[in-house]
Amino acid sequence: MTTSHRSVRVERESEGRYVAHNGRGGSLRFGNSDDEFSPVELLLAAIGGCTAIDTDVATSRRTEPDEFTVTVSGDKVSDKEAGNRMENLTVTFTVRFPEGAQGDAARAILPRTVALSHDKLCTVSRTIEHGTPVRMVIE
């Protein structure tokens with residue numbers, strides 16, 4: 001087992017608007033207005049993005065897809081007793097490859113690569129399924 005530390009810094013821009021920064025210089029705006037991603041949508045995007053990357057790396061070695069879309073959905077539960085959470089998370093792959101031997105090869109490994117991402121590789125969905133505790137600290 002190996003461990004490597006990851007972090008992001010979230011800064012408030014204005015009421016309900018934030019920017020997340022990573023150590024490589026990337027930034028992502030989000031918030032609670034209609035034209036931005038919400039934190040829950042970012043969670044869904046992180047699940048979809050993680051498993052999309054895992055799957056795309058393996059399948060695109062065979063051929064470029066004609067279509068590659070990952071949709072992540074679920075139910076947001078507001079529960080006064082147990083707290084808010086997401087349930088019934090579903091990741092749906094819509095992937096199409098060109099006809100021919102290379103497309104056939106990519107289609108053949110698609111189920112295995114999706115399963116491998118789910119079972120071993122996707123850090124985001126594995127963390128959620130594992131139920132890793134989150135510790136809050138005030139400096």
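This is a predicted model: local features need pLDDT of at least 70, side-chain atom pairs count only at pLDDT 80 or more; totals for chains, interfaces and linings use all residues.
# A tour of the salt bridges

R17, D35 and E36 are joined to one another in a network of salt bridges.

**Stop 1: R17 and D35.** Select R17 and D35 and show their side chains. The two meet in a salt bridge, with 3.8 Å from N to O. Where do R17 and D35 lie? R17 is in strand β2, residues 17–22, while D35 is in the loop between β3 and α1 (39–59), so this pair ties together parts that are 18 residues apart in sequence.

Is D35 buried or exposed? D35 counts as exposed, at 62% relative accessibility. R17 has 31% relative accessibility and counts as partly exposed.

**Stop 2: S38.** Stay in the loop between β3 and α1 and select S38, which is found there. S38 counts as partly exposed, with a relative accessibility of 22%. That value is not under 20%, so S38 is not classed as buried. Draw a distance from the C-alpha atom of S38 to that of R17: the separation is 9.8 Å, for two residues 21 apart along the chain.

**Stop 3: E13 and R29.** Next, select E13 and R29. A salt bridge forms between E13 and R29, and their closest N and O atoms are 2.7 Å apart. E13 belongs to strand β1 (residues 8–14) and R29 to strand β3 (residues 27–31), so the pair ties together parts that are 16 residues apart in sequence. E13 is partly exposed at 42% relative accessibility, and R29 is partly exposed at 48%.

**Stop 4: R9 and E11.** Finally, select R9 and E11. Which residue forms a salt bridge with E11? The partner is R9, and the closest N and O atoms of the pair are 3.0 Å apart. E11 has a relative accessible area of 37%, which makes E11 partly exposed. R9 is also partly exposed, with a relative accessible area of 45%.

Side chains of opposite charge can pair when their charged atoms come close. How many salt bridges are there in the count? The count comes to nine, and the pairs visited here, including E13 with R29, are examples to start from.

Terms used
Residues are numbered from 1 along each chain as its sequence is written. Side-chain values use heavy atoms; hydrogens and water are left out. A salt bridge is a side-chain nitrogen of Lys or Arg within 4 Å of a carboxyl oxygen of Asp or Glu. Buried means under 20% relative accessible area, exposed over 50%, partly exposed in between (1.4 Å probe, protein chains only). Helices (H or I, at least four residues) and strands (E, at least two) are DSSP runs, numbered from the N terminus.
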